[in-house]
Amino acid sequence: MANIVNLDRVSKGYAAGQLLDEVSLGLDDNDRVGVVGLNGAGKSTLLKLLTKSIEPDSGRVTHRRDLRVAALPQTLELPPGATVRDVVLGTAWLPEGFAAEHEWAGDAGVRTVLAGLGMPNLGLDALVEPMSGGERRRVALAALLIRESDLLILDEPTNHLDVAGIAWLASHLLQRRGALIVVTHDRWFLDAVATSTWEVGEGTVRAYEGGYAAWTLARAERARVAADVEAKRQNLLRKEIAWLRRGPPARTSKPRFRIDAANALIADVPPVRDQVSLQRLATARLGKQVYELDDVSVGFGRPLLDHVSWNIGPGDRIGLVGANGAGKSTLLRVLTGALTPDSGRVLRGQTVKPAFLSQELRELPLQLRVLEAVEEVARRVMLGDRELSASQLAELFGFSGARLWTPVADLSGGEKRRLQLLRLIAAEPNVLLFDEPTNDLDIDTLAALEDLLDTWPGTVIVASHDRYLVERVCDTVVAMYGDGKIQDLPGGVDEYLATLGAPTDPGRKVSPQQQAPAKAAESMGAGELRAAKKELVRLERLMGKLEQREASLHEQMATHATDYEKVATLDADLRAVVAERSETEEAWLELAERVPEA
């Protein structure tokens, strides 16, 4: 299969430095690629090279003949007086090769797409000029989605979409023919639509199979392989584990420093968030009361909060979801005290010290350098039980080395957003209120933020359309549907999407057995069903025994690490056990699909 786009030893740099250095890539006509990387790594430059809107300093970019490339630009230049119909059905801003859509064939499709993108009531004769930047981008996105193209390139298409709109877009793109390249920080969206991932950074582009989850695993493996001492470390790890497990009675007699050293070696996997300990620490910092809304109402022409009573306690981690305009930002402003309710009371705990990250960038000290801007707030910061210097905290958010001394005025939009967040954390609040915190943040910074919040002893309320962030950071989810109420969602984001009739996981393929397990059970007689359940129990026990046998063989191999003949024999036994366990698991899975609630 011939590539539709080729980059041959392409390089591109600017005054600030080299972004791409002799990069070679190929794109097939059915590829679905997610592009990831740090802010400023060169993602947008790569997209411009792919569309030929800029020329490389060296190397060559080639397109298949008559290739139709549709791209969503970051800045839209639309003709004055243009209506939604002009933008979506016309060709004024589209590249050559795209014909105008016939109105009689296009109106219904346009309305369907606009509704999917969260603008169901937008008229086709509405003027585009008075719209917000987010609304204009959604109208432009609709123009691309209703047309056929050989290659669709989208730069941050989810930025102005709510959770339901993101789910709809993922479902729509999965049904669309042609190649797709998308730059996004939305990790759920990446996993839903991408079959491969390009990581831009350090002057190169690395290609991986799969979406965000596969890319994360591949990065971890790359880091493991790159470490010169990894092989020695793994060998030492096996010996230490074997040494620790040589009988519980002997364990207490081992030298304490050796036990600590072995435990340090196997502590690679981050612990699950300890909710009980964090709740206790949060209560100590905040007391029993954080926020209590008592019959609160707020309206701007229509009720955004309608006689709402809601209690927020110490250590609560709440995800707030809802469509644009449903009242999420209004609710957060009421909690911070920036907005006084029309009626009702907002009670705040006496020790509450909130930090509010709004959607707009607060005024940053542009005349200072990054480290100075952090030290202006605090030179040392306590995060849970850790004390960090300003430079150590800045490093958590991607500012290290020379970047610490970069003038704030010279930072990119994403870096300014990071610094804004960093300064809030440095003030040591005990309540965090985030309004769309993922805007302009790259994936690595999001991961660092989530890791920090895992050990942060306080109350967190996150209003976000980033489904991955909400599910990763929050313990409970509430929804605002635009009726002025706040509704608890025990089923989380999936329950929210189900109430809207939106697709919950468009990338997931469901087998017929998963769709209707009861039908499979109905085809069995009562005796056959009992026998199947017995067989499931037997297989489960066998899997347990095989796992124990596998662990025992690993221990023996570690014990006899210097006896190569013994290790070879044990390795053969281990391979046989692993194969048998794999076959047993296959049999269990196949039978479990036929026996519901087994």
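Which side chains meet in a salt bridge with an N to O distance of 3.1 Å? They are those of Asp294 and Arg345, where a salt bridge means a side-chain nitrogen of Lys or Arg within 4 Å of a carboxyl oxygen of Asp or Glu. Before going further, please note that this is a predicted model, in which local features need pLDDT of at least 70, side-chain atom pairs count only at pLDDT 80 or more, and totals for chains, interfaces and linings use all residues. Residues are numbered from 1 along each chain as its sequence is written, and side-chain values use heavy atoms, with hydrogens and water left out.

**Overall picture**

- The protein has 22 helices and 20 strands; helices (H or I, at least four residues) and strands (E, at least two) are DSSP runs numbered from the N terminus.
- Of the 598 residues, 46% are buried, with buried meaning under 20% relative accessible area, exposed over 50%, and partly exposed in between (1.4 Å probe, protein chains only).
- Among contacts with a separation of 6 or more, 69% involve residues 24 or more positions apart, a contact being heavy atoms within 4.5 Å.

**Salt bridges**

- The count of salt bridges comes to 19.
- Arg538 counts as partly exposed at 43% relative accessibility, and Glu535 does so at 29%.
- Glu375 and Arg379 form a salt bridge whose closest N and O atoms are 3.5 Å apart.
- In that pair, Glu375 is partly exposed at 28% relative accessibility, while Arg379 is exposed at 57%.
- A network of salt bridges links Arg64, Arg68 and Asp150.

**Around Ala463**

- Ala463 belongs to strand 18 (residues 459–463), and it counts as buried because its relative accessibility is 0%.
- Leaving aside neighbours within four places in sequence, Ala463 is in contact with Leu320, Lys328, Leu332, Phe434, Asp435, Glu436 and Pro437.
- The C-alpha atoms of Ala463 and Pro437 are separated by 8.0 Å, with the two residues 26 apart along the chain.

- Glu436, one of the contacts of Ala463, has a positive phi near 50 degrees although it is not a glycine.
- Glu436 lies in the loop between strand 17 (431–435) and helix 16 (443–454), and it is buried, with a relative accessible area of 6%.
- Glu202 has a positive phi of about 55 degrees, again in a residue that is not a glycine.
- Glu202 is found in the loop between strand 8 (196–201) and strand 9 (204–209), and it counts as exposed at 74% relative accessibility.
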